[in-house]
Structures are given as structure tokens and as C-alpha cells.
Amino acid sequence: MTTTVITNIGSLVTNDPDLGDGPLGLVADAALVLDGDRIAWAGPAAGAPAADTAVDAGGRAVVPGFVDSHSHLVFAGDRTAEFNARMSGRAYEAGGIRTTVAATRAATDAELEANLVRHLREALRQGTTTFETKSGYGLTVEDEARALRIAAAHTDEVTYLGAHIVSPDLADDPAAYVDLVTGPMLDACAPHARWIDVFCEKGAFDGDQARAILTAGKARGLHPRVHANQLSYGPGVRLAVELDAASADHCTHLTDADVDALASGNTVATLLPGAEFSTRAAWPDARRLLDAGVTVALSTDCNPGSSYTSSVPFCIALAVRDMGMTPDEALWSATAGGAAALRRTDIGRLAPGARADLALLDAPSHVHLAYRPGVPLVTEVWRAGTRAA
Ligand SMILES: [Zn+2]
């Protein structure tokens with residue numbers, strides 16, 4: 001195993017309060033030592049142990065690689081026309097997903113995988129070293145299973161979302177579609193997934209349907225996560241907490257009871273400001289959640305319909321500008337928060353034993369991610385101890 005020391009780090013975010021200042025465990029004039037795919041040491045450069053090779057960070061900031069815990073990247077086609085129409089005054093409706101379903105069903109496996117890989121490279125260049133991704137644009141047994149197979153070749157964080165919308169093939173019989181999602185489709189999909197998800201929303205699946213779907217998934221060893229309370233108030237968030245879902249995602253329309261439930265359970269609130277940006281919707285109130293003691297994650301929701309961005313730095317800038325988060329909170333939520341939303345402790349931090357996933361910024365500190373929105377500050381990315389971008 002080769003050890004590498006990265007020295008002359010202007011500002012290092014460890015996300016370990018024992019290693020530095022505040023919740024981010026910030027260390028100025030820092031160094032990191034990598035041993036194979038793991039972090040072996042982190043702290044002030046003056047105290048760094050010797051290593052086989054050295055890399056000079058040139059005073060740049062280093063942050064943990066971003067953990068994007070919510071994306072929809074197995075798809076074909078695009079929805080430029082829908083976006084253009086919406087930005088010209090038409091309201092967003094969940095049914096727009098049908099356009100992508102038709103294109104995805106018509107695509108070959110190779111086309112779907114090439115499109116996935118293209119988006120993963122795009123995300124990696126912007127500092128994302130772990131991503132979760134979902135099915136949900138197939139909505140048949142065969143098309144959902146192949147989406148998960150393709151995703152599983154590229155990440156461990158694969159989510160079965162047969163319950164994205166009721167399949168157009170069974171639009172007149174939603175109960176039959178729920179039977180399919182909890183029966184033959186689950187049988188075909190469970191071997192390829194870690195998680196099960198449902199879009200609990202008016203026009204998609206109601207609370208009873210969502211409960212049946214998530215419960216069936218749990219019985220097959222899949223752990224729940226929920227698209228909850230995005231477009232309207234509803235039962236999704238409380239159902240997520242009740243079923244010990246790892247994450248309730250969107251959380252845009254919350255009652256006090258929803259916030260209390262999140263604060264009392266182990267379910268992370270994952271906020272996806274790219275969706276509100278791309279649909280001109282009201283922002284989720286991150287400040288309210290943080291003040292209540294809720295664990296908050298920030299992710300892209302990258303998908304061709306409602307949030308076609310793969311950029312976590314962009315989401316950080318939105319969260320700081322429009323959702324009441326401080327730059328420190330937004331950085332934590334996009335790294336350690338994403339890890340919590342995936343129930344992972346080996347990523348999202350730069351402390352001994354963690355996976356050596358990190359991004360170098362062409363800036364003196366992580367604050368610049370929000371201070372300089374839209375600027376490509378990520379200049380170097382290491383994943384599992386290897387330079388990846
Ligand atoms: Zn989503």
C-alpha cells in the first residue's frame with residue numbers, strides 16, 4: 001500500500017469536530033495522509049507524518065467529496081420543450097414523467113448506460129464522489145429491473161422506484177399497478193437494489209398506497225426512502241419517519257407535526273433546491289428544520305424533468321442564498337448529511353478510517369462555493385485514494 005501526503009491545504013473540512021474547529025472540524029494550514037483508499041491522518045501540516053509521495057495543494061481548500069444521495073440518472077431523452085414551456089408560464093405537473101418513460105423504454109441498454117456514465121463523469125468533475133440513483137422511468141417489470149441492473153454496475157446506492165407514477169399502461173387501475181409494484185416487479189428488482197422509494201404525492205401515490213409499497217419492500221430487505229411533501233402537504237414525511245426511512249426527500253411543504261416527527265426520528269430531511277429552482281417553486285425552509293434539530297442533507301435530484309443539474313456546488317449556493325442555510329451548514333449537508341441520508345459512516349468526512357474521497361477547490365475556503373456561485377471551483381477530485389478528475 002502506498003501512502004500519500006497532501007500538504008499545504010489552506011483550509012481543510014474534516015467534518016470531525018475532534019480534529020478541528022466547529023461542526024466542520026476545520027483545520028487551517030492542514031495536511032491529509034492517504035493510505036491506499038483510506039484517510040490515515042488529518043491535521044495541521046506541521047504535524048503530518050512522512051509518506052511515500054507528496055502532493056502540494058498550493059493553499060487550496062479541501063473538502064470531503066460530495067455525497068449526492070438523490071438522483072434519477074437511468075433515463076433517455078430530454079425535456080427541453082417542457083422546461084421552456086414551464087419557464088414561459090405553465091405549471092409543473094408530475095405527469096411530465098411520462099415523456100421520459102416513453103424515451104427510456106425505447107432506448108437500448110447501451111444507450112441508457114452511456115447516458116448514465118456521461119452524467120456521472122459530469123458530477124465527478126464537480127466533486128461528487130458518491131451518488132445514489134433510482135429506477136422509475138421504466139414502470140414495467142423488465143424495464144425497472146434493467147434500470148437497476150445498469151445502475152448497480154456503477155454504484156452501491158441503488159433505489160427501486162417502480163412507484164414513481166402509476167404506469168400509463170394501468171392509468172385506469174392504480175390498485176393493479178400497486179399490486180404489480182409490490183409483487184412481480186419487486187421480485188425482479190429487489191436483487192439489484194438497496195433501497196425502495198415512492199413518490200407520495202397527489203397525482204402519484206397516496207399515503208395508504210405508499211405504506212403498502214414501502215412495507216412490501218422492507219419485507220424483501222429493501223430499506224425505505226420517500227419522495228415526500230414536494231408539491232403539497234401530505235402524509236409522506238410522517239410515513240417516512242414511522243417506517244424508519246433513511247430519508248424524506250424534498251420536504252418543501254411541512255406542517256409543525258411533520259417537523260416534529262423529523263426531529264424525533266432517525267429520518268434525514270433531504271432538500272433538493274434544484275427542483276424548486278427549475279420549477280420556480282417556493283423553497284423548502286432549511287432554517288426551520290435546522291432550528292428544530294433535524295438532520296438535513298442537500299442533493300441535486302438530477303433528472304431530466306424537474307431538476308436537470310448534476311452540480312452539488314450549485315445546490316449549495318441556492319441553499320445559502322434562498323433557504324436560510326449558512327455556508328458551513330450547506331457544506332456539511334452536502335457531504336456528511338448526504339452520508340447520513342444513505343446511512344453511511346465511511347464517507348462524507350475526512351478523518352482516519354474514512355474513504356479517501358475529496359475535492360480540491362480553487363479557493364482558500366469552502367465558503368467560496370456559495371460566495372462564487374456558478375464558478376467551476378472544483379479543480380481536482382480524489383476517489384478511494386486515487387485521482388479521479
Ligand atoms: Zn427525485
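Modeller: In this predicted model, seven strands form an open sheet with parallel pairing, and their order is β8-β9-β10-β11-β12-β13-β14. In general, the strands of a sheet pair through backbone hydrogen bonds, either parallel or antiparallel. The edges of this sheet are β8 (133-134) and β14 (296-298). Each of these two has a single partner strand, so one side of β8 and one side of β14 are left without a neighbour in the sheet.

Strand β10 covers residues 195-200 and strand β11 covers residues 223-228; the two pair in the parallel sense over 6 bridges. C200 has A228 in β11 as its bridge partner. A helix also packs on the sheet: α4 touches β8 and β9 (158-163), and the direction of α4 makes about 165° with that of β9.

Helix α4 leads on to the helix pairs. Two packed helices are described by the angle between their axes and the distance between the axes. For helix α3 (residues 109-125) and helix α4 (residues 141-152), the axes come within 10 Å and cross at roughly 45°. That angle is why α3 counts as oblique to α4. The crossing in which α3 passes α4 is right-handed. On the α3 side the contact is made by D109, L112, E113 and L116, and on the α4 side by R146, I150 and A151. Sorted by type, the residues of this contact are 4 nonpolar, no polar and 3 charged.

The other pair is made of helix α12 (residues 312-322) and helix α13 (residues 327-341), whose axes come within 9 Å and cross at roughly 140°. From α12 the contact takes V312, C315, I316, A319 and V320; from α13 it takes P327, A330, L331 and A334. The residues of the contact of α12 with α13 divide into 9 nonpolar, no polar and no charged.

In an unreviewed UniProt entry, the annotation "domain: Amidohydrolase-related" covers residues 248-366. In the model, the end C-alpha atoms of residues 248-366 lie 27 Å apart, and the span is 40% helix and 12% strand.

Note on methods
Residues numbered from 1 in each chain as written. Predicted model: local features only at pLDDT ≥ 70, side-chain atom pairs only at ≥ 80, totals over all residues. Axes fitted to C-alpha atoms, helices over the stretch in contact; angles between N-to-C directions. Helix = DSSP H or I, 4+ residues; strand = E, 2+ residues; numbered from the N terminus. Parallel < 35°, antiparallel > 145°, perpendicular 65-115°, else oblique. Left-handed = near helix turned anticlockwise from the far one by under 90°. Contact = placed C-beta atoms within 7 Å. Nonpolar A, V, L, I, M, F, W, Y, C, P; charged D, E, K, R; others polar. UniProt positions renumbered as here; feature names shortened; annotations may be inferred. Pairing = 2+ DSSP bridges.
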